[in-house]
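I opened a new model today and looked up a few things in it. My notes follow the order in which I checked them.

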Amino acid sequence: MREIVFDTETTGLDPYQGDRLVEIGCVELVNGFPTGNSFHRYLNPERDMPEGAFKVHGLSIEFLKDKPLFADVCDEFIAFIGDAPLIAHNAMFDLGFINAELERCKRAAILRERLVDTLMLARRRYPAGPNKLDDLCGRFSIDLSRRTKHGALLDAELLAEVYIELTGKRQTRLSLVDETIRAAASGIGVFVVRVRPAPLAPRVTEAEREAHRAFIATLGEKAIWNDYLAAS
């Protein structure tokens with residue numbers, strides 16, 4: 001299963017009152033594993049940067065003025081996310097800004113049914129909170145040393161780790177089956193989960209096996225255990 005964890009940075013809080021996207025970061029997961037594939041763009045918002053927003057993400061207009069417009073990367077962004085579920089923290093905020101930009105490009109909006117909101121997942125699991133991204137990283141012992149300011153790609157990478165913890169998908173990494181997991185779409189990557197190098201020693205003795213067979217013989221020909229004995 002392919003999923004996209006994403007985050008945005010903006011000039012403010014309301015995309016329909018003149019605020020714009022200034023950064024998008026997306027991280028790809030396949031079967032609960034980060035693949036290393038990502039989408040990251042800084043964007044020219046075609047407006048000034050309020051001081052409050054600058055204090056959050058540190059992106060100045062001087063830095064952003066030579067960056068592409070959203071319209072320039074729109075098709076690439078849509079191709080990257082495909083039809084995968086989209087995971088974000090307080091997801092409707094980010095989706096509102098992305099859909100406002102898609103509307104300006106005369107492209108179809110992303111449906112809210114595709115969203116997985118990690119804030120809602122966290123509130124269900126930890127109703128007493130706190131459930132901000134920093135709080136959840138601390139709860140799950142995820143390294144925050146790189147996060148001096150908000151950044152869309154870094155926050156998406158951190159959120160991917162939080163999402164894996166919230167949904168219990170990290171347990172899938174304990175599998176000892178020798179198996180190659182290939183993504184359905186080309187170019188997504190290959191992950192190999194290797195077998196245990198030394199098999200565990202059997203815990204059932206031959207005497208116990210024989211006693212079990214003798215017991216099954218007393219149950220008659222229709223006993224379901226006979227099917228397992230035949231298979232072995």
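**Entry 1**

I began with Glu 206, which is exposed at a relative accessible area of 51%. My cut-offs: buried is under 20% relative accessible area, exposed is over 50%, and partly exposed is in between, with a 1.4 Å probe and protein chains only. The model is predicted, so local features need pLDDT of at least 70 and side-chain atom pairs count only at pLDDT 80 or more, while totals for chains, interfaces and linings use all residues. Residues are numbered from 1 along each chain as its sequence is written, and side-chain values use heavy atoms, without hydrogens and water.

Which residue forms a salt bridge with Glu 206? I found Arg 213, with the closest N and O atoms 3.4 Å apart. A salt bridge here is a side-chain nitrogen of Lys or Arg within 4 Å of a carboxyl oxygen of Asp or Glu. Arg 213 is partly exposed, at 36% relative accessible area.

Arg 213 also forms a salt bridge with Glu 210, at 3.2 Å between the closest N and O atoms. Arg 213 and Glu 210 are three residues apart in helix 8 (residues 206-217), so about one helical turn separates them. Helices (H or I, at least four residues) and strands (E, at least two) are DSSP runs, numbered from the N terminus. Glu 210 counts as partly exposed, at 45% relative accessibility.

**Entry 1: a buried pair**

I searched the whole structure and got 14 salt bridges. One of them joins the side chains of Glu 101 and Arg 20, at 2.8 Å from N to O. Glu 101 lies in helix 4 and Arg 20 in the loop between strand 1 and strand 2, so the pair ties together parts 81 residues apart in sequence. Buried or exposed? Both Glu 101 and Arg 20 are buried. I then traced a network of salt bridges that links Arg 20, Glu 46, Glu 101 and Arg 104.

Next I took helix 3 (residues 70-81). Phe 70, Val 73, Cys 74, Phe 77, Phe 80 and Ile 81 are buried there. They lie on the same side of helix 3, because they cover an arc of only 145° around the axis. The arc is that of the directions from the helix axis to the C-beta atoms. On the other side, Asp 72, Asp 75 and Ala 79 are exposed.

What do the buried residues of helix 3 pack against? I listed strand 1 (2-10), strand 2 (21-30), strand 3 (33-42), strand 4 (86-88) and helix 4 (91-104). Contact means heavy atoms within 4.5 Å. Gly 82 follows helix 3, and its phi is positive, near 55°.

**Entry 2: Arg 112**

Arg 112 sits in the loop between helix 4 and strand 5 (115-117). It is exposed, at 55% relative accessible area. Leaving aside neighbours within four places in sequence, I found Arg 112 in contact with Met 92 and Leu 95. Arg 112 and Pro 85 are 27 residues apart in sequence and 9.9 Å apart in space, C-alpha to C-alpha.
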